[in-house]
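Let's walk through this one together, question by question. Here it is to look at first.

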Amino acid sequence: MANYDQIRRANSAFMTTLTALCTVLAVGALFIILAHIAWQGIGSLNWQFLIDRPRPVGEGGGIGNAIVGSLLLLLISAAIGLPLGICVGVYLSEIGKGRFGGAVRFIVDTLTGIPSIVTGVFVYAIIVVPSKHFSALAGGVALALIMIPIVARTTEEMLKLVPHSLREGALALGAPQWRVILGVVIPAAAPGIATGAMLAIARISGETAPLLFTAFGSRFFPESLNQPIASLTVQIYNYAISPYDEWHAQAWAATLVLMTLVLGINIIVRFLTRRKF
Amino acid sequence: MPVQTAAPRIEVRPAATTPTATSKAKVAVRNLDFFYGRTQALHDISIEIPERIVMAFIGPSGCGKSTFLRTLNRMNDVIPHTRVGGHVSIDDHDIYAPGTDVVELRRRVGMVFQKSNPFPKSIFDNVAYGLRINRVTSSSSELEGRVEQALKDAALWTEVKDRLKTSALSLSGGQQQRLCIARALAIRPEVLLMDEPASALDPIATSKIEELIFDLKKQYTIVIVTHNMQQAARVSDRTAFFLLGKLIEVNATEKIFTAPDEKTTEDYITGRFG
């Protein structure tokens, strides 16, 4: 059946080309974005820009306070969101297998789909309004709320990939369930859980909407977590909608810094979670 | 299915058939039923397993021998929607009685699984795992001694003694299975359950594990599930034949393989079905 074989080979070649083409298109778009940001941003980038705070138009100024602010916001949200999210993931994968677990999973999935501006408004209502001022803490809480469902679901999926035989092996040695989870299951899934955490951090580091009514933004270096705080994304937003060319250039440079920051977080976490065994 | 005319010859190692009728029952099972949801997997099983012998469970796939093995350390507890009826006692203590400490039970009744399941940790940490979680010892020199002894008992020490800190996953399949045996032996259980421990291994690794089982019965009561009848004949003192969730016959291994009491057993042994 030489004819059939020819059709099969032609089919295979066609599909291989098609998938390769799609990959090139998708990855190509990403590279064009990255290259464009680098091209536009690199011109305004210098040491003074990285450490200075914003100045009036024409006086230069920088994004030092926004970098510090963004890092602080990430730290606050990771400190709240990672432990909570990971615990929910462990519960869903290891403990809650009944109806309640199913309900929790459904709610977590729903939370993932909530637009981030809604989270921002919610935190505005429950923290900013009662305390009567914007604050870094409110911003951190808003970001943490976005993080929790993402971390919970990736943790659950990663834990489910751990073979059941490992759990049985540990149980058969007389390990109580909590020790099986802490000593065998979580370590086996640690690289995956860390990757999920990293993705969640990368995701929230690009969020602007939930910070608008919570952290608000500031033109000064942060002195307290109880005050409004600057962040790269809000700074980029404010500069981008301004009418000044100088601020537009600074917005591009700040975008480049933000992307480098996210890339840096990715590389550091990859390095820390290399598989040792 | 082709009907075999000549029964395969199965040799019984004479030393493996030491008389054991006089030793007392380590494990006694009375009228055990087991259900997965509404499906009954085990029907009214009663059997006694004497101390310090090797008991083999044979039977075709799906006959319930692994399920039965797992009732002996309550490993089936972790499978949802299962139900047990009847009694299983170890040293005259009913392990399904309310208030039984399952963790303590599993410490006394060790288990080796069909597929080797080393933890993604170092060789040393794998063997030390059971000792650490059960707080067997706080001195690191004693811990090292127990790990070394367990690896020697599992005939693995000479192969791994220079790389205890490397990953257990770097070992070969046969070595991984012996590591799992060492891990089970390290906490010195009284009963060792083995669920087809050699089914995924080559003949050389299999013979090593069989020799090991032969040595281990001096100290442990061993229950082994096997698909391989020659293996049952080689390593066990007593053999139980299961079919469709029922215990058909339990007898001295020599008798099962030469002159079984039940016609069904003989049909299975001689390869007429299964």
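Q: How many nonpolar residues does the contact of α10(A) with α11(A) have?
A: Ala, Val, Leu, Ile, Met, Phe, Trp, Tyr, Cys and Pro count as nonpolar, Asp, Glu, Lys and Arg as charged, and the others, Gly among them, as polar. By these classes the contact of α10(A) with α11(A) holds five polar residues and no charged ones, and its nonpolar residues number nine.

Before going on, a word on the model and its labels. This is a predicted model, where local features need pLDDT of at least 70 and side-chain atom pairs count only at pLDDT 80 or more, while totals for chains, interfaces and linings use all residues. Residues are numbered from 1 along each chain as its sequence is written, with chains lettered from A and ligands numbered from 1 in the order in which they are written.

Q: Are α10(A) and α11(A) roughly parallel or roughly antiparallel?
A: Axes are lines fitted to C-alpha atoms, for helices over the stretch in contact, with angles from 0 to 180 degrees between N-to-C directions. The axes of α10 (residues 232-240) and α11 (residues 245-272) of chain A come within 8 Å and cross at roughly 155 degrees. Angles under 35 degrees count as roughly parallel, over 145 as roughly antiparallel, 65 to 115 as roughly perpendicular and the rest as oblique. Therefore α10(A) is, relative to α11(A), roughly antiparallel.

Q: Which element gives the most to the side of chain A that touches chain B?
A: In this interface, 15 residues of chain A are in contact with 26 residues of chain B. Two or more residues come from each of α7 (164-172) and α8 (177-205) of chain A. With six residues, the element that gives the most is α7(A).

Q: What is the bridge partner of Phe57(B) in β8(B)?
A: Strands β3 (residues 54-58) and β8 (residues 221-225) of chain B run parallel and are joined by four bridges. In β8(B), Phe57(B) has as its bridge partner Val225(B).

How values were computed
Pairing = 2+ DSSP bridges. Contact = placed C-beta atoms within 7 Å.
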